[in-house]
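Student: Before we go through the terms, could I see the structure and its sequence?
Tutor: Here they are.
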Amino acid sequence: MEEHLSLKEKEQAEEAMIQQAFQELLNDYLATKHRKRVEIITKAFNFANHAHKGIKRRSGEPYILHPIAVAKIVCNEIGLGSTSICAALLHDVVEDTDYTVEDIENIFGHKIAQIVDGLTKISGGIFGDRASAQAENFKKLLLTMSDDIRVILIKIADRLHNMRTLGSMLPNKQYKIAGETLYIYAPLANRLGLNRIKTELENLSFKYEHPEEYAEIERKLAATAAERDKVFQEFTAPIRAQLDKMGLQYHILARVKSIYSIWNKMQTKHVPFEEIFDILAVRIIFKPKNMEEELNDCFDIYLAISKIYKPHPDRLRDWISHPKSNGYQALHVTLMGNNGQWIEVQIRSERMDDVAEQGFAAHWKYKEGGGSEDEGELERWLRTIKEILDDPQPDAIDFLDTIKLNLFASEIFVFTPKGELKTMPQDATALDFAFSLHTDIGTHCIGAKVNHKLVPLSHRLKSGDQVEILTSKAQRIQPEWENFVTTARAKAKITEILRREAKANQQKGESLLRDFLQKEGIPFDASAIDRLTNLHNFHTPDELMVAIGNGKLVLGDADRNLFKEKAGKNWKKLLSFSFGKENKDAKEGKEEAKPAEGKSEKIDTKKILKLTEEAISKEYIMAECCHPIPGDDVLGYIDEHNRVIIHKRQCPVAVKLKSSYGNRIIATQWDTHKDLSFLVTIYVRGIDGVGVLNEVTQVISRQLNVNIRKLIIDATDGIFEGKIQLYVHDVDDVRTICNNLKQVQNIKEVSRIED
Ligand code: MN
C-alpha cells in the first residue's frame, strides 16, 4: 500500500500527523490552570517544525514529534507552564540546526533563550567518552540547574521520552543510555520530587538491562493481580465505611510496587518474588474541609483506621511534620490486615499528592496559598550544590561521587542543643553535622555529645538525636576525616583544606631542602631529589617535600652520607647489570602482553559480540568483580588495550563504566554449549538439624556435570548458613541446583551470591 503513495502524499500525511500531535499538546495545555498563552506556544512550534523539517528520528518518525512529546511531558507530567513548553519545543533547535541562541532570543525573548541555551550546553549527554569530560558536563548541568531549575526539569522530560522510545536505538547505545539514566537521572528526578517519573525511569532502565527478569516479574505481577485486588477490596471496605462516617471527601488507591523496586528487593534481600510481602500498598487521598485542618485531618484518619487494624509500632513515618527535602509530605502507617499480612497505608491530602507526583512544580502552584517553606528546602539544596561548585575540585571522578552522595541520600532529622531541627542525609556522622553548621565548627571539631553522651567524630547520627558539637581552637583537619564523612559539603571542605595545607607544606619543604643541599654543596636538581625520595621510600618528590615541610622528616647524617658515598651508586649499577637480562625479559614480556593480547583492529561496538567458548577462553576476560557466567545478563567493555572485558550488567563497576565510557560498551550474546566450567557461589540458609549437610551435598552430587569446590557451613543458635562454591556451565545449572536445594526440607533460603 505504502509504495503507492507519492512522495507528496506521504509528506502531507506526515504533516497531518504532526499537526495533530501539536493540537493534542495545545488541548492538554488549555486544560491546565496556567495562563492561556497559546500564541507564543504556537509560534515556538511553527519555528521548531520548520527548523527540523525533513529530519527523521531513528525510528523513522518525523523529528519534531520528539520535541512535541517532551513538551507534553513538561506540561502534563511535570506541570510547567508556557515558558517551559516553548523551551521544550525548541530544545533541540540550536543543537541540531543552523539557528543560534541569538535567533531564539530575538524571536522568543531572553528567558526562553536562556533555558534553551542551558539545554544545548548539556545536550551531549551528561557523560562523554572521558571521565573528565563527564564531570565537566555534569558541572555545567548543575550550574545551569542552579540558574533556572526548569532547565533540568525539561532535561529530565527529554530523557524520559528518549527512554520511552529506546527500543529503536542500537543495543550498545541502549546500555549507555539506560546506565546513565539509572546513575544520574533517576536520582535527580527523585531529588526534585518527581516521584512517578523517577519510578518510570528506573523501570525502563531495568527493562533494557534485564529484559528476561523484567518480563518474569511483570508476568508474576499479572498472575497475582486478582488476589491482590481481593485483598485490597476486603482491607479497604471497613476503612471506607469509617471515612464516610467522618464525612470526608477522599479516594483510595491500590499502589503496586514497581517492577524495579521488586527486583531490587529480591536482589538485596536474596528472596524470591513470592516472599516480597509489601507489593501492595494503599493510598488514601483526601480533600481537607479547609486548608488549616489539613495536617490534623491526616492524623485523624490515622487514628480512625488504627482502631480498625492494629498498627505496627515501629513503622509510623511522619513526613507531615517534617517533609522530606524534596518536598514529599504524607503519613505512612503499616497495619495488620485480617489475613495476617502487614499493609502500608499512605495518607495524603490532594495537595500533598500533587507535590509527591509532580515535585517542586506543584509547590509553585500552591504558593499563593501561603506556606512556601518547602520551597526554601529546594533553595537550600541548590545553594549547597553551588557551594560545592565554587570549591575547586581537581579530581573529576571524586567530584561526581561527591555530588552523587547528595543525590542519593535519604534523610534523618537531628536537633541542635537549642532544639532547632536540622535535616541531614542518612549515615551522616557527627563531623558531617559540625560542617553543616559552619566550616569553622567542622574544622575545629574534637568530638560531640549525642543525647548528652560523648561520642567520637565518626559517630553515625540517627533520626531524633540531639547533637552538641565540641570544638577546640587547637584542633586541625586530619587526613583520616576524609574516610568517614559522608556529606558532599564536609568532604569538599576537608579535601580543599588538606590540599591547601599540603601545598603550603610542600613549599616549605622545598625551601628547607634547598637550604640543606646548599649547605652541603650539592646542586638542588632532579637527581638529588629522586635519590632522597628513594632513600625515604616516598612515591613522589612531592610527598618528600610535604614530609620535610610538616616536620615528619628531618634531614640529617643519613642524607649527607647518601651524597658522599659515590661507591653506592656504582654498586647499584653493577647489580642491575648482572640481573639485567632477566629483568629486561620480564619487563618486556609484561609490556608486550598489552598490545599483543588485544586485537589490533578496532572492535565494532555497533555489532553484537558473540561470546563463544573459544573466545571466552582465549580472548575475552571475565571480570573479577562480578564473575559472570554464560546466561547472565552481561555487556562487554573494551579497555584501553582493546581487550574485551565481560561484566554483569548490574555490576557496580559496569554501572560506572557505562556512564563514564559509554562508547566503549558493546552488546553481547552468549553462544556456549556447556564445554567450559565457571565458578559460582551459592548461599544457603535454613534450620539446623541432623542430616541437613548430607542432604545438601547429595542434591549437588546428583546433578550431572556440577562439581563442588568448597563448602563452608556455619551454624549458630539453630540456624545454619552455608556458602557452596561450585563449577557449573551456565545459569541453567545454577537454577536447577537452587531449585533442588529449595526442595530440601529445612532450607529456607537459596541464592547465588557474588563471591
Ligand atoms: Mn531531545
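Student: Why is His-91 called buried?
Tutor: His-91 has 4% relative accessibility, and buried means under 20% relative accessible area, with exposed over 50% and partly exposed in between (1.4 Å probe, protein chains only), so His-91 counts as buried. This is a predicted model, in which local features need pLDDT of at least 70 and side-chain atom pairs count only at pLDDT 80 or more, while totals for chains, interfaces and linings use all residues. Residues are numbered from 1 along each chain as its sequence is written, and side-chain values use heavy atoms, with hydrogens and water left out.
Student: What makes Asp-158 buried or exposed?
Tutor: Its relative accessibility is 9%, and therefore Asp-158 counts as buried.
Student: Which residues are called donors of the manganese ion?
Tutor: Donors are N, O and S atoms within 2.8 Å of the metal (3.2 Å for Na, K and Ca), and since water is not among the atoms, sites may look incomplete. His-66 (NE2), His-91 (NE2), Asp-92 (OD) and Asp-158 (OD) coordinate the manganese ion at 2.2 to 2.6 Å, and their spacing in sequence is H-x24-H-D-x65-D.
Student: What makes the pair of His-332 and Tyr-328 a polar contact?
Tutor: Their side chains are paired at 2.7 Å, whereas a polar contact is a pair of N or O atoms within 3.5 Å; within protein, one must be able to donate a hydrogen and the other to accept it, and residues adjacent in sequence count only if both atoms are side-chain atoms.
Student: How do you know whether His-332 is buried or exposed?
Tutor: At 11% relative accessibility, His-332 is counted as buried.
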